[in-house]
Amino acid sequence: MDNILKISDFDYDLPLELIAQTPIEPRDASRLLVVRRENKTFEHRHFRDLGEFLRPGDLLIANQSRVIPARLLGYREQTNGVAEVLLLAERNNLGPDHWETLVRPGRRLREGARIHFGHQGQPPRLIGEIKQRTEAGGRIVHFSVPEQSANSNDPYQLLNVRQRIDEVGRMPLPPYIHETLEDQERYQTVYARIQGSAAAPTAGLHFTPELLERLRQQGVRTSFVTLHVGLDTFRPVEHENVSEHKMHSEEIELDADTAALINETRQAGGRVVAVGTTSVRVLESIAKFHNGEIAPYKGNTRLFITPGTPFKVVDAMITNFHLPRSTLLLLVSAFMGKDLMEQAYQEAIKERYRFFSFGDAMLLL
């Protein structure tokens, strides 16, 4: 019984004023808590100083997924009541334009319910129909462009469902951010290329093109993987016994060129430095699928990294400060040890670091 991992042991108190509401400018002006795992020391720096801790031959692996405007505000067809849909992942296996989503108000959005998106009182730009409930409590929604809109002679109207989502959707900022984001690109990394995430891989938000170029000039290489961030970013671990938590499936990809770079780096004695927990999950998932080796892969992962999970690929990690009782905090605890994680978080709170998506970063060496 004593060996049960309890989520209540991964809670902490955070002063509300330390939750970053807006991104800092420039991106690499954020603070950086450097943690050396071997001797358990802390160093307070800025993200622009990252190159001082990396060596020629090291390889940065970052997640190139791009956030889609996944927050759709609409109204219920029958009652005109307000409805909200958060897109999590496209489910083409169920048919074209089917998405797994979270919806509000959940009790009133049952199978068959239809939601209109656009200006109330005008013909809808997009329609969503609830098809079924998911195991995780979300909904499968089928989206369509209304006939009167699709058949219009106005070329602006001739948009497919994905384009309509881009038109009517909003950036899905986390619920703890209450400030309006003036520049929507600040919730994207500078290297985001492949659309599909419902939240930003936030450890990468600190990089600027100039910083990446400086790192390349000092012999640090960079390559990219893809993980489309989904439900577990929004969902806390609800079971006290961590082993009862079921991870949501997320789509990942690692191409042949990146696999070759990782293998070359490992063979030459360089370090694989993962930018963010999403990159960690891609690398460690693929290593698990291939008995510790890295090979090209495109598919899905449900890997749940908790204290005691061995790391086969990642040597160092860049990560933000995560929510209490979250799968991300468990992952970081697995990498640096729970005691050191707790010390690092208390150090960050004492030194008034900024927390969560728009907050500061840690470098775990």
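What is the volume of the largest cavity? The answer is given in the third legend.

This is a predicted model, in which local features need pLDDT of at least 70, side-chain atom pairs count only at pLDDT 80 or more, and totals for chains, interfaces and linings use all residues. Residues are numbered from 1 along each chain as its sequence is written, and side-chain values use heavy atoms, without hydrogens and water.

View 1. Strands count as paired if DSSP finds at least two bridges between them.

**View 2. Strands S3 and S14.** Strand S3 (residues 59–63) runs parallel to strand S14 (residues 272–275), joined by 4 bridges. Alanine 62 has valine 275 in S14 as its bridge partner.

**View 3. The largest cavity.** Its volume is about 110 Å³. A cavity is a set of points on a 1 Å grid over the protein atoms alone where a 1.4 Å probe fits but cannot get out; lining residues have an atom within 4 Å of a point. Volume is the space filled by probe spheres set on the points, which are joined across faces, edges and corners. Of the 15 lining residues, Met247, Glu250, Arg281, Thr327 and Leu328 are the closest to the centre.

**View 4. The second largest cavity.** This cavity has a volume of about 70 Å³. Its lining includes Pro23, Arg186, His206 and Phe358.

Conventions. Helices (H or I, at least four residues) and strands (E, at least two) are DSSP runs, numbered from the N terminus. On a 1 Å grid over the protein atoms alone, a cavity is a set of points where a 1.4 Å probe fits but cannot get out, and a pocket is an open set with protein on both sides within 12 Å along at least five of seven lines; lining residues have an atom within 4 Å of a point.
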